[in-house]
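Please read this note with the model open beside it.

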Amino acid sequence: MAGLDHAIEHPKEVEDPLIAARNARYGMVMFLFYLAIYGGFVGLNACRPDLMEATPAWGLNLAVLYGLALIVIAMLLALVYCWLCRGRSTT
Amino acid sequence: MIHHPSFMSVIVFGIFVAITLGLSFYFAAKTKSASGYFAAGGQIHWFVNGVAFAGDYLSAASFLGICGTIAFFGYDGFLYSIGFLAGWVVALFVVAEPLKRLGKYTFADALNSQFQSRGITLAAGISTLVVSVFYLIPQMVGAGSLIKPLLGFPHEVGVVMVGIVVVLIVATAGMVSTTYVQFIKGSLLVLFSGILTVMILNRGLKVDSSEAANAPQTLVVKSDGTRFVNGTPHGSSAGQADLRPVGHLSKLPNGKTETGPLGPIEYLATLQQSEIVLWSKKETVVDGEKTTTWSPQPTSGAKVLRPGNSPLFKGLQKDQWTARLDFVSLMLALFCGTASLPHILIRYYTVKNQAAARLSTVVGIGTIGVFYVLTLFLGLGAMTSGTLDLTDSNMAAPLLAKGFGETLFAVISAIAFTTVLGTVSGLIVAASGAVVHDLMSSVLRLELADHEKVKAGKIAAVVVGVIAIVLGILFKDMNAGFLVGWAFSVAASANLPSLVMLLFWDRTTKQGITAAIFVGLFSSLGWILLSADTFQKVYGYTADQAAALACVPFSQPGLVTIPLGFLTLIVVSLMTSGRKTTVVA
């Protein structure tokens with residue numbers, strides 16, 4: 001494991017405020033999008049749990065489908081965010 | 001249930017612990033500076049850091065607690081998986097890059113980057129300590145649960161063993177060894193959970209209609225401590241009896257008795273159309289003699305795969321408004337809590353720049369997301385495999401593995417044990433960083449040389465480790481997942497309002513931040529301590545007594561205390577804006 005010497009602190013990053021602001025904007029839009037989907041899930045479970053028993057596709061109920069979708073959408077949004085912010089960050 | 005340790009389990013366990021400690025001693029020689037000890041010198045590769053995020057985050061609560069809750073109650077456990085993962089959206093999109101930009105060692109650094117306030121450092125340091133200790137409890141409880149079947153030692157010995165190993169890991173090389181332990185653990189956990197899921201799907205589903213599988217079970221504990229199972233003295237020798245492992249299907253769709261191998265969607269769809277035997281638990285105490293009776297409850301798969309089967313969420317199906325608020329409160333805390341956990345936040349300082357912080361979060365989300373999908377199959381697999389220990393929901397996943405053979409059980413248990421080690425190590429690094437960097441250096445203004453900071457960090461790690469051991473023994477009967485819900489509530493209430501407002505509201509003042517942390521911390525702690533759940537599960541009252549004594553209408557504090565934190569910050573900042581020292585970015 002040569003080269004794994006972690007004793008030296010890496011120099012502080014010099015940031016580009018424009019890129020930081022752009023990334024923050026992308027992040028906020030995606031956060032709000034996901035918040036809406038997550039809020040819908042929590043609201044449905046809390047107020048209309050009976051609806052979660054409906055079986056819209058593949059023999060699976062809404063509770064399972066919505067829950068799995070929330071996990072998959074989070075992973076996809078993370079990839080999209082990473083792609084949007086690619087190659088233009090400063091070091 | 002009585003579990004007998006196997007030679008294989010002891011060997012595999014020994015190998016895992018030896019590798020973990022070997023790594024720590026290897027890195028100890030290379031870690032001399034405070035930066036190296038507390039933040040790995042900011043030189044961890046983003047991919048390693050991303051998987052280490054998963055290793056840090058996928059704690060005993062995720063692996064043992066969630067799988068156990070799904071195995072005992074169905075879909076309700078999966079709600080935790082969904083909430084835990086959703087929290088990473090906040091971490092990636094809102095917190096990751098600014099936190100890396102503003103901080104150095106601890107969460108307090110970021111909050112204080114523009115103010116240089118001792119008040120903020122004190123509040124953030126105390127908050128980090130309290131949240132870390134709260135989060136340590138379920139990890140130690142999980143460790144105690146694992147040690148019983150793995151090595152045959154009692155719960156207390158398991159907790160002490162974890163405490164000693166973890167303190168050795170942290171006290172030797174700090175964040176460097178912790179990172180690599182978490183990387184290895186995160187990789188192995190996802191890999192072997194995947195293998196176990198494939199085996200569950202390949203085995204398919206089977207009906208067990210035998211009389212023995214459907215018979216109720218009782219455990220009587222006499223006032224002198226002697227125990228009887230179904231009227232026979234408890235034990236594993238001749239003339240003695242032990243509780244029977246449970247978990248089976250009573251009906252499959254179309255009158256089938258066995259399905260053969262199934263695909264993932266097919267597995268869930270078949271379960272939804274089946275009938276599953278869940279187990280209800282009833283406890284009575286008469287003249288000091290405690291009787292616990294477990295009765296089979298055949299339940300349609302459609303009900304098992306919808307919310308509202310567990311004691312925590314059953315009010316959702318009864319239209320109780322307090323249950324709804326409790327549920328929303330918990331899901332809010334899980335959503336907001338991840339980006340507020342000190343041991344997660346400090347991992348942003350172990351990479352070199354904001355791009356690496358972002359990339360490592362994406363890797364973390366991918367790894368964690370895959371694992372949480374697998375928890376649904378692991379939990380449901382345990383529910384239908386006839387391996388559940390009625391007395392310990394935390395053991396569902398390891399005992400499921402035991403159903404596939406002793407070797408897999410040994411490996412899964414050792415990984416689960418390493419899971420605890422990884423998370424506890426991260427928490428202790430976070431706590432010791434708060435003690436040394438925030439409280440000793442910044443608040444008390446002790447002039448410490450670099451090597452003295454490292455030494456003080458190691459001493460703090462030992463002290464926090466001892467506290468964790470004591471709490472792990474005291475809370476031994478509680479589900480790890482449930483306990484983590486509390487830690488998330490406290491973290492989200494204390495830390496998130498300050499972090500978010502600092503980044504997005506330029507009228508935030510240092511007084512506002514300090515007040516918000518203290519109000520969020522103490523209001524959430526107070527709410528938890530006065531809730532019905534705590535009266536019942538911690539203070540030992542019956543459910544009816546706890547409901548009567550509770551001073552708050554529902555048990556999860558987040559719905560009230562997170563907005564309270566934001567409100568406090570806004571009000572105090574507006575009141576002190578004339579004294580504001582600087583404008584934040």
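1. The two chains meet through 43 residues of chain A and 52 residues of chain B. Contact here means C-beta atoms, placed from the backbone, within 7 Å. On the chain A side, α1 and α2 (62-84) each supply at least two residues. Helix α2(A) gives the most, with 13 residues. By class, the chain A side has 28 nonpolar, 10 polar and 5 charged residues. Ala, Val, Leu, Ile, Met, Phe, Trp, Tyr, Cys and Pro count as nonpolar, Asp, Glu, Lys and Arg as charged, and the others, Gly among them, as polar.

2. A word on the basis. This is a predicted model: local features need pLDDT of at least 70, side-chain atom pairs count only at pLDDT 80 or more, and totals for chains, interfaces and linings use all residues. Residues are numbered from 1 along each chain as its sequence is written, while chains are lettered from A and ligands numbered from 1 in the order in which they are written. Helices (H or I, at least four residues) and strands (E, at least two) are DSSP runs, numbered from the N terminus.

3. The axes of α1 (17-47) of chain A and α12 (321-337) of chain B come within 9 Å and cross at roughly 160°. Axes are lines fitted to C-alpha atoms, for helices over the stretch in contact, and angles run from 0 to 180 degrees between N-to-C directions. So α1(A) is roughly antiparallel to α12(B) (an angle over 145 degrees). The contact joins A:Tyr38, A:Val42, A:Asn45, A:Ala46 and A:Cys47 to B:Arg324, B:Phe327, B:Val328, B:Met331 and B:Phe335.

4. Chain B is assigned domain 1 (42-203 + 319-579) and domain 2 (212-318). The bounds come from an automatic or database domain assignment. The domain centres, taken over C-alpha atoms, are separated by 30 Å. In chain B, 28 residues of domain 1 are in contact with 27 residues of domain 2. Elements giving two or more residues to the domain 1 side are α4 (60-73), α5 (75-102), α9 (175-203), α12 and α14 (354-383) of chain B. That side divides into 14 nonpolar, 10 polar and 4 charged residues.

5. Chain B also holds an open sheet of 6 strands, in the order β3-β2-β1-β6-β5-β4, with antiparallel pairing. Strands pair if DSSP finds at least two bridges between them. The edge strands are β3 (232-233) and β4 (248-251) of chain B.

6. Strand β1 (217-221) of chain B is joined to β6 (289-300) of chain B by 5 bridges. There, B:Thr218 stands opposite B:Thr293, and B:Gln217 has B:Trp294 as its bridge partner. Another 3 bridges join β1(B) to β2 (227-229) of chain B. B:Leu219 stands opposite B:Val229 in β2(B). β1(B) and β2(B) form a hairpin with 5 residues between them. In its turn, B:Gly225 has a positive phi of about 95°.

7. Finally, α19 (510-529) and α22 (558-575) of chain B pack at about 155°, with axes 8 Å apart. That makes α19(B) roughly antiparallel to α22(B). Among the residues that meet are B:Gly512, B:Ala516, B:Gly520 and B:Trp527 in α19(B), and B:Leu564, B:Gly565 and B:Val572 in α22(B). This contact divides into 9 nonpolar, 9 polar and no charged residues.

Technical notes:
Parallel < 35°, antiparallel > 145°, perpendicular 65-115°, else oblique.
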